[in-house]
Amino acid sequence: HSVLRFDKGEAEKSCRVVIIDDSLYEDEESFNVTLSMPMGGRLGSEFPTARITIIPDMDDVPVFYFGNTHYRVDESDGFVEVQVWRTGTDLSRGGTVTVRSRKTDPVSAEAGVDYVGISRNLDFAPGVAMQTFRVTILDDLGQPALEGLEKFELVLRMPMNGILGEPSKSTILINDSVSDLPTVQFRDTVYVGNENSGQISAFVYRSGDISFKSTVRCYSRQGTAQVMMDFNERPNTDASIITFLPGEIEKPCVLELVDDTEHEEEEELRLVLGSPKSESSFGASIGGQKETLVKIKDDADKAIIRFGETKFSVNEPKESGHVSMVKIPVLRIGDTSKVSVVRVHTKDGSATSGEDYHPISDEIVFKKGDSEHYVEVEILFDGVREMREAFTVHLKPDENMVAETKMSKAIIYIEETNSMADVTFPSVPKVVSLLHYDDIDKTRGSLPVAGYPVICVTACNPKYPDYDKTGSICISENINNTLTHYRWLISAPTGPDGVTSSMREVDFDTFFTSSKLITLDSVYFQAGSRVQCAARAVNSNGDEGLELSSPITAINMEEGMCQPRVVGTVGAEPFSAKLRYTGAEDADHPNLIKLTVTMPHIDGMLPVVSTRPLSNFELTLSPDGTRVGNHRCSNLLDYVEVKTRYGFLTEATKNPEVIGETAAYQYSSSLRGSSTLRFYRNLNLEACLWEFTNYYDMSELLSDCGGTIGTDGQVLNLVQSYVTLRVPLHVSYVFHSPVGAGGWQHFDLQSELRLTFVYDTAILWRDGIGSPPEAELQGALYPTSMRINGQGRLVVNFRTEARFRGLFVLFHAASPLSSMVMCPDHPGLTFNLSLVRSEPTYNQPIQQWTFTSDFAVRDYSGTYTVKLLPCTAPPSLEYTIPPVCNPRQPLTFDLDIRFQQVTSPCPK
């Protein structure tokens, strides 16, 4: 195709070069066309080569232009977003264009006032066709001014790698005719008011350009609230116009209410805004809150029934047969147009109906128009001098459920004409140790010792240090110190950091002490405890006066009657206990078992000895009667409560074995109480030793004290055997603790006392023979009769009690063993054992047995070993014949028998 052929006569030929049109944006390009290899001629020297230049194709040049010619924005929007597009067939290269803002001609919007001026480059990365930028619009916040439509222009300049297209100019139109338009609306959605306030103001709020005068109508629309009956109408006319002067932003829309005396439930209506107008050429508008709900309450007219006052005072009549009257007004306020029925009744307080006043329970009917009724209560003369007493009067709710009852309780005080004796001690009482009672003056600085009672010395007690000054006042005030009422308060010792616990009243009496005496027993406090007494004066007529409290006194930490071996320790020292048989030679307690318990004493300790386990000391130590049933063999029973022949505590109040000096007032029953002395008779205070002694016979130890008897099976001779008596012993060392649970802390020890007797066999017939204590199953055997039959053979009847679930059997198919009787003392004797009768139960049945010797001998005395085969049954099984049970190892009972055949008398 590159060969040009010239025919004859042809002087000119065209060489056609095809230019390829691509879509790429390229600069100016060129190439050469050269003639060569001529045939039939030669190349001229003038233009052997021609240069071809391809100029840029304007269709491939990227074009920059605005997305729109106009953008509309509200002044309150804050900004306007503008798009600049770049189009063309080749966007593979980056491009830049400058965008600027400018005023319009004539000037409308101004930079810095209406918008923020802009001059910035928009950079287009390769492939990017559109860029967005923002122009900030300035709102005239705070002082909105309605300016109407304003505008400014944006223009594109200085494109790089592209050209400007159309539109290269865009106009921004700022419109404030909506946001700055004067707009009125209600400030709140609901307004609530009371009917009796006369009016309700709903506030209308104006926003936007407030530099012009504007008006709006505020008119009413009735709901459950009715025009004329509940409110005065605001019609939808110019009579209901609210006017805003320039600069005003809030005005009330006042609704006049109609107040009546009838109670109505909450009612509603609506206030509506309409017909807005403004002197501005743009007019005015109504905002979103164009309506508001008005609620009218009528609490003032609500019927309320109540007492006129909540407290009344009335004097008790002075003589018998007279009555005082108290009139209690019952008021109804509010709506009196309906009928209400309420019941008034009295209720006892410290005053008792029938004794101090006549009770009432009356119905009060409030008819139409009634607003007041009176209730009368009669006050009676009771002849008893008392403190001021009170009772209450109550209103029940309205039976017709019309009125509400408020202040439905009133207190009536019955004043005694001379209620409380106006006596009091001239000075506060003092707490001193009973040891120092006789010389309070000399021991004024010393603290009470631990382990000895303290005494409350009032100013009217001759032992009081300043009695020479206070005694005459006591006589003139007619104070009888022997009738003084005492209370005691105590608290734990002060802590090492100086912190003290609060004083608590000692309100716990024990079976031998009282917390309301002039003295406080030493069991209630320990070394370091803080003690205080309160004394109430009583005059000669027996009328009580005022109470005075003593200063708080701490118990001495260094000095005590019986201090612990290691100071500051708590716990239990060991005790010793003995059982001894007195024998016939003891003149006072012959043939009894003497129980002696000895234990060391520590200040503040209360020793408790019992044959039953001790628990719940608050109940165990209290004066009530549960001790008597639970602890029949204990030192918890006073001598009148003892059910056995003798008791640990006796009538005696002094220990005859203590010889020589005793501590001050140690045995004073007037100051300490007889029951206290009966208990402390067992304490040797000099030796710091408790010794409790009592005497029991065998059956008391077994039936009352929980003792048990068992045989040791060791034969001393043919007619006697050893018997061991076991008595459980529980000893507790109890200390009062003002902070402990139940007020007592205790250290518990227990022991078992054993006494072995050589006993005549017959005595066992009554009490039975127990199985060995180490046996797995337990049972008892009681001999019932013994005889020698006509053949001279020994016949023994006995009964057994199985102390397990099951019974004794002669033999069982599942066991190679069987029940049998042997006598080691008579090896040749054999016996025939048979079961006579058995209770039809597995629940510890009593069974009758008999055994007969197969031969006769003259002397049957000796130990007979009865081996019985126990057979246990599960708890779920019922008794059947034959019994269904599991055989176990035999139980052994040693029966000591003394029996001889009597020789027949010889005929004369």
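This is a predicted model: local features need pLDDT of at least 70, side-chain atom pairs count only at pLDDT 80 or more; totals for chains, interfaces and linings use all residues.
**Rings, charges and an enclosed strand**

The charged end of R799 lies over the ring of Y782, at 4.5 Å from the ring centre.

The structure holds 24 aromatic pairs. One of them joins Y357 and F391. These two rings are stacked, with 3.8 Å from centre to centre and 5 degrees between the planes. Where do the two residues lie? Y357 is in the loop between β24 (340-348) and β25 (361-366). F391 belongs to strand β27 (residues 389-395). The pair therefore ties together parts that are 34 residues apart in sequence.

Now turn to F804 and F808. Their ring centres are 5.5 Å apart. Their planes stand at 90 degrees, so this pair is edge-to-face. F804 is buried, with a relative accessible area of 7%. F808 is buried too, at 0% relative accessibility.

Aromatic residues can also gather in a group. F511, F512, F648, F679, Y680, W690 and F692 form one aromatic cluster.

The next stop is strand β35 (residues 530-538). How many of its 9 residues are buried? The count is 8, so the strand is largely enclosed by the rest of the structure.

Which strands pair with β35? One is strand β32 (residues 485-491), which runs antiparallel to β35 and is joined to it by 7 bridges. Here R487 stands opposite A534 in β35. Another partner is strand β37 (residues 553-554). It is antiparallel to β35 as well, with 2 bridges between them. In this pairing, V531 stands opposite T553 in β37.

Strand β36 (residues 544-549) also pairs with β35. The sense is antiparallel, over 4 bridges. V538 stands opposite E544 in β36. β35 and β36 form a hairpin, with 5 residues between them. Within the turn is G542, which has a positive phi of about 90 degrees.

Technical notes: Residues are numbered from 1 along each chain as its sequence is written. Side-chain values use heavy atoms; hydrogens and water are left out. Rings of Phe, Tyr and Trp (its six-membered ring) pair if their centres lie within 6.5 Å; planes under 30 degrees apart count as stacked, over 60 as edge-to-face and the rest as tilted. Buried means under 20% relative accessible area, exposed over 50%, partly exposed in between (1.4 Å probe, protein chains only). A charge sits over a ring if NZ of Lys or CZ of Arg is within 6 Å of the ring centre and within 35 degrees of the ring normal. Two strands pair if DSSP finds at least two bridges between them.
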